[in-house]
Amino acid sequence: MKHVTTTPAVLHLVRHGESTWNLAGRIQGQCAEAGGLTSAGRAQARLTADLLAEGSTRPNAIVASDLVRARETAEIIASRLSLPLEFDPELREQQLGDLEGHRLDSPFADDPTAQHSVDRLWREPFRRPSGGESIADMYARVHRALRRHATDRPGAEIVLVTHGGPVRMASAPEPPTPGVPVPRVGVDNASVTSITVT
């Protein structure tokens with residue numbers, strides 16, 4: 001039997017630059033009204049574009065979440081790298097349903113603040129917010145997308161412009177386990193997290 005080898009792809013996951021709702025302290029999720037980048041966010045995207053352009057290897061492709069804040073970040077990077085831009089809805093932020101649009105410091109349901117409700121989703125990764133998806137759902141969606149992009153372009157260097165939640169899921173060593181909290185590591189705006197996927 002012939003042994004088939006797959007050349008690994010390197011995926012550079014970029015969180016979008018600072019958005020208007022980041023600045024306002026509002027929960028974005030997949031809300032269509034969340035808006036785009038601030039002037040600071042655009043400057044962050046330009047710095048990240050320079051970093052990727054001046055690296056030891058140049059990316060072959062750039063794919064982005066279709067949400068406005070990610071799209072605007074990706075457009076800046078794609079222009080700097082002279083690459084066509086593709087979109088993939090599976091790279092979207094976690095769908096947070098009824099939580100979307102609320103200020104993080106405002107009361108929500110039975111919790112003191114909406115931030116408490118978001119934190120609970122990470123402590124209970126199979127818990128779904130009303131109208132939304134769980135951390136476990138997001139993990140499955142994001143890893144499906146990562147495998148697809150790596151398979152479609154074996155050996156390539158691909159920039160994936162996405163959001164904090166998907167970057168955390170891409171970096172997670174294993175799928176969520178019922179009853180076991182998932183660490184919510186910090187992911188800075190316009191930061192780059194590189195992973196290798198076979």
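Between which two elements is the loop in which Ala-109 lies?

Reply: This is a predicted model, and what follows describes that model. Ala-109 sits in the loop that runs between strand 3 (85-87) and helix 4. Its relative accessible area is 70%, above the 50% cut-off, and therefore Ala-109 counts as exposed. Its backbone also deserves a look. Most residues other than glycine have a negative phi. Ala-109 has a positive phi, near 50 degrees, and is not a glycine.

In soluble globular proteins, nonpolar side chains tend to be buried together. In this model the largest nonpolar core contains 32 residues, and Leu-11, Leu-13, Leu-99, Trp-122, Leu-146, Leu-160 and Met-169 have the most contacts inside it. At least two residues each come from strand 1 (9-15), strand 2 (61-64), helix 4 (114-123), helix 5, strand 4 (157-162), helix 6 and strand 5 (192-197). Helix 5 contributes the most, namely seven residues. Another core lies apart from this one; it has 14 residues, including Ile-77, Ala-78, Leu-81 and Leu-83.

Setting aside neighbours within four places in sequence, Leu-99 contacts Ile-27, Phe-108, Ala-114, Ser-117, Val-118, Leu-121 and Pro-129.

Helix 5 can be checked for length. It has 18 residues, and at 1.5 Å a residue these should span 26 Å; the end C-alpha atoms are 26 Å apart, so the two values agree. Its buried residues include Ile-135, Met-138, Arg-141, His-149 and Ala-150. The buried residues of helix 5 pack against strand 1, strand 2, helix 4, strand 4, helix 6 and strand 5.

Beyond the neighbours within four places in sequence, Val-142 touches Glu-90, Pro-166, Met-169 and Ala-170. The C-alpha atom of Val-142 is separated by 26 Å from that of Arg-103, which is 39 residues away along the chain.

The axes of helix 5 (residues 135-152) and helix 6 (residues 164-171) come within 9 Å and cross at roughly 75 degrees. Angles from 65 to 115 degrees count as roughly perpendicular, so this pair of helices is roughly perpendicular. On the helix 5 side the contact involves Ile-135, Met-138, Tyr-139, Val-142, His-143 and Leu-146, which meet Gly-165, Pro-166, Met-169 and Ala-170 of helix 6. Sorted by class, the contact of helix 5 with helix 6 has eight nonpolar residues, two polar ones and no charged ones.

Seven of the eight residues of helix 6 are buried, so this helix is largely enclosed by the rest of the structure. The buried ones are Gly-164, Gly-165, Pro-166, Val-167, Arg-168, Met-169 and Ala-170. Their cover includes strand 1, helix 4, helix 5, strand 4 and strand 5.

Methods. Residues are numbered from 1 along each chain as its sequence is written. This is a predicted model: local features need pLDDT of at least 70, side-chain atom pairs count only at pLDDT 80 or more; totals for chains, interfaces and linings use all residues. Side-chain values use heavy atoms; hydrogens and water are left out. Axes are lines fitted to C-alpha atoms, for helices over the stretch in contact, and angles run from 0 to 180 degrees between N-to-C directions. Helices (H or I, at least four residues) and strands (E, at least two) are DSSP runs, numbered from the N terminus. Angles under 35 degrees count as roughly parallel, over 145 as roughly antiparallel, 65 to 115 as roughly perpendicular and the rest as oblique. Contact means heavy atoms within 4.5 Å. Ala, Val, Leu, Ile, Met, Phe, Trp, Tyr, Cys and Pro count as nonpolar, Asp, Glu, Lys and Arg as charged, and the others, Gly among them, as polar. A nonpolar core is a set of buried Ala, Val, Leu, Ile, Met, Phe, Trp, Tyr and Cys residues joined through side-chain atoms within 4.5 Å. Buried means under 20% relative accessible area, exposed over 50%, partly exposed in between (1.4 Å probe, protein chains only). The expected span of a helix is 1.5 Å times one less than its number of residues.
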